[in-house]
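Hello,

Here is the structure I promised to pass on. Please open it alongside this email, and I will go through what turned up.

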Amino acid sequence: MPQNLRAFTFLLFSVLNVFFVSESKAQFGSGTKWTKDGNNYMQVQNGSIVQTAINDPSKQITLVNAQFLTPKGKTEPIAVRSFSFSEDGKKVLIYTNTKKVWRYDTRGDYWVADLSAKTLKQIGVARPVSSLMFAKFSPDGTKVAYVSEHNLFLEDLASGKVSKLTSDGTRKLINGTFDWVYEEELECRDGFRWSPDGKSIAYWQLDASKIPNYLMLNTTDSLYPFTVSVEYPVVGENPSRCRIGVINLNTGKNSWMKVPGDDVQHYIPRMEWAANSSELIIQQLNRRQNESKIMLCDAKNGMVKTVSAETDKAWIDAKPEAIGWDWINQGKSFLWLSEKDGWRHIYNINRNGAEKLLTKGDFDVISLEKIDEKDGLIYFMASPENATQQYLYKVNLNGSGKAERVTPNDEPGTHSYDISPNGKVALHYFSNSTTYPTSDVVSLPDHQKIGSNTVPRRSTTPINKPEFFRVKTVDGVTMDGWMVKPLNFDSTKKYPIVFYVYGEPASQTVKDTYGTGMNRLYLGSMAGDGYIYASVENRGSPAPKGREWRKSIYHNIGVINIRDQAMAAKEILKRPYIDTSRVAVWGWSGGGSSTLNLMFQYPEIYKTGISIAAVDNQLNYDNIYQERYMGLLPEDRHYFVDGSPLAHAKNLRGHLLLIHGTGDDNVHYNNAEQMINELIKNDKVFQLMSYPNRTHAISEGAGTSRHLASTYTQFLKENCPPGAR
């Protein structure tokens, strides 16, 4: 599961962070786009596309009105999910009528609004409804390319002529997009790129024909059950064959890039045009994902040369941004993130592989935000002093001097920025554990607020105020944590404690953001009912605390993260106001796995556990994620087995509730069934709540979310009673 998907799932369904972050962006809207000059932003308002001046939000221009977006014979305008302008600004591509592909609404219908000709036309009309994916204007705005049913198409906007660029696409031979596991674990969805001159299109092709289908059983949507198949490579199974093709649009000829190495035993998670129309640049990872190579590919003859190579004893992540490449110096070099010196830093790498470190010091770059070449600056996110927070920094593009913090010191917490194309202004979002998310527009690099685009900071009531702390374990590991104490807390009494856990490399639970310390699954107020609610961050989490912190979990999921959690709990339980006979733990997905391991490996600490959608057997999970952190079969099999909750189920002593959706395409229901069998074999009594045909989110169907919360709350109260004693 990705730093995006596994993280997204557990955040969305556990601590409300995703909800409140999206709330903070409501002023601008999640579909807000910058104008090319960076002086205005555009968004959909009441069915129209409106442009707003940064320095004066009262100055608005309607670029495309709702009437224009109303097709002939219709009374309502197109519901705009997203939009993009052609390079000359004369046409708008409208995305609507969207449908999900696994997680995201990446297929739908597209319309082109021609502002000069004053016409509105649907493209791909001969294709099935809601089947078009990733439609994009050509650089000159005269054509649109898109994917439909695993093939690439090109449509001329003037004549309406549609050309089928690939014809071999099937459900198993995928052109221009990706299979399940590439999407889930490498953030790959949009699988083709226009060349800058508009004469070629480069694309991925994945051959999943040899990947076994995982068959999920749907027993609720028809009288007779039927299977739903997913091409899902578990640990040890080969991934899809992956290759890169370039189509010459004048001749229709396809050229395959001659990327060295077995095209099954390597991944190509990133590909872009190399700041020109004659070369591509790609990142290749080996199957073990501990070797990364950056290569330049000649788009005409397919010849490839390696520009830069890196190895790691653990793993190397794919380039964070799935789309785009950070070129500078007129395409002579690019910026790259690497942990090779023990910290995640920004490097300048030229086309010959010569590199220069640009961010120096014992701190991590969380993300690269913007390159301002005109003023010679790089903006990036970091938090050298506190791994629970996030701030904007700048450093000179030439690598001289030290990094400087841009975010003001008087707003501790978590900040994010959407920086304009000119690098002079940014949409700024801020929250912390006691400040409701808010947004404003700031100038850069001085971070001064602009105009009236500001929402006053609003503090919350202290009912859910978490106290942040650090705890040092017997192993000498210092961990961040938060704790929410009961209302009317009395330190002379003893209270039950509930630990919230995730524990794997995809995300953090201890962050200074609004929503931290809240529990969506608890009906009522945990603090009001007399619970202590807490979380601690173990080694292996993606906290900005250096490579060794993050990668110490290699070969050790289910071992080192579990010991860290348990040893931190031991220290916390020394506090006199905690009742050690009432200790509960819960988590979702990877957190569900951690919950089981804590219950089984440290039953003397944890008395009650609620595990939701857990990977009970690591050998069941997909190859890209699990092999990245645990190794390859057969030589590393013991790591997978020893770290799996299944291996320790015989040690259960406390009260356990297993929850899983039978239609989970991510963490399949066979995980729960294997755990059920193991517990039965060892005569371990437990409770089970299966949600028929629900996915990993367990949100589909009338009443599901409420029922899940009711089940969670009732089990917790019955087995870890609330209140002071």
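Is tyrosine 182 buried or exposed? Tyrosine 182 is buried, with a relative accessible area of 1%, where under 20% counts as buried. Please keep in mind that this is a predicted model.

**Around tyrosine 182**

Because tyrosine 182 lies in helix H3 (residues 180-186) and tyrosine 267 in strand E20 (residues 266-273), the pair ties together parts that are 85 residues apart in sequence. Both tyrosine 182 and tyrosine 267 are buried.

**Other aromatic features**

Searching the whole structure gives 28 aromatic pairs. One aromatic cluster is made up of Trp180, Tyr214, Tyr232, Trp315, Tyr554, Tyr621, Tyr625 and Tyr629.

Two tryptophans have a charged side chain over the ring. Arginine 243 lies over the face of tryptophan 256, 3.6 Å from the ring centre. Over the ring of tryptophan 549 sits the charged end of lysine 545, at 3.7 Å from the centre.

**Helix H8**

Of its 8 residues, 8 are buried, so H8 is largely enclosed by the rest of the structure. Those buried residues are Asn623, Ile624, Tyr625, Gln626, Glu627, Arg628, Tyr629 and Met630.

What caps the N-terminal end of H8? Aspartate 622 does, with a side-chain oxygen 3.2 Å from the backbone nitrogen of isoleucine 624. After H8 comes glycine 631, which has a positive phi near 110 degrees.

**Backbone details**

Most residues other than glycine have a negative phi, and most peptide bonds are trans. With that in mind, here are some exceptions to check in your viewer.

Proline 634 is in the loop between helix H8 (623-630) and helix H9 (637-643). A cis peptide bond also joins leucine 444 to proline 445, again with omega at about 5 degrees. Proline 445 belongs to the loop between strand E34 (435-443) and strand E35 (449-454).

As for phi, glutamate 149 is not a glycine, yet its phi is positive, at about 50 degrees. Glutamate 149 sits in the loop between strand E10 (143-148) and strand E11 (151-156), and is partly exposed, with a relative accessible area of 46%. Asparagine 329, also not a glycine, has a positive phi of about 55 degrees. Its place is the loop between strand E24 (327-328) and strand E25 (333-338). At 39% relative accessibility, asparagine 329 counts as partly exposed.

Happy to look through any of these with you on screen.

Best wishes

Terms used:
Residues are numbered from 1 along each chain as its sequence is written. This is a predicted model: local features need pLDDT of at least 70, side-chain atom pairs count only at pLDDT 80 or more; totals for chains, interfaces and linings use all residues. Side-chain values use heavy atoms; hydrogens and water are left out. Helices (H or I, at least four residues) and strands (E, at least two) are DSSP runs, numbered from the N terminus. Buried means under 20% relative accessible area, exposed over 50%, partly exposed in between (1.4 Å probe, protein chains only). Rings of Phe, Tyr and Trp (its six-membered ring) pair if their centres lie within 6.5 Å; planes under 30 degrees apart count as stacked, over 60 as edge-to-face and the rest as tilted. A charge sits over a ring if NZ of Lys or CZ of Arg is within 6 Å of the ring centre and within 35 degrees of the ring normal. A polar contact is a pair of N or O atoms within 3.5 Å; within protein, one must be able to donate a hydrogen and the other to accept it, and residues adjacent in sequence count only if both atoms are side-chain atoms.
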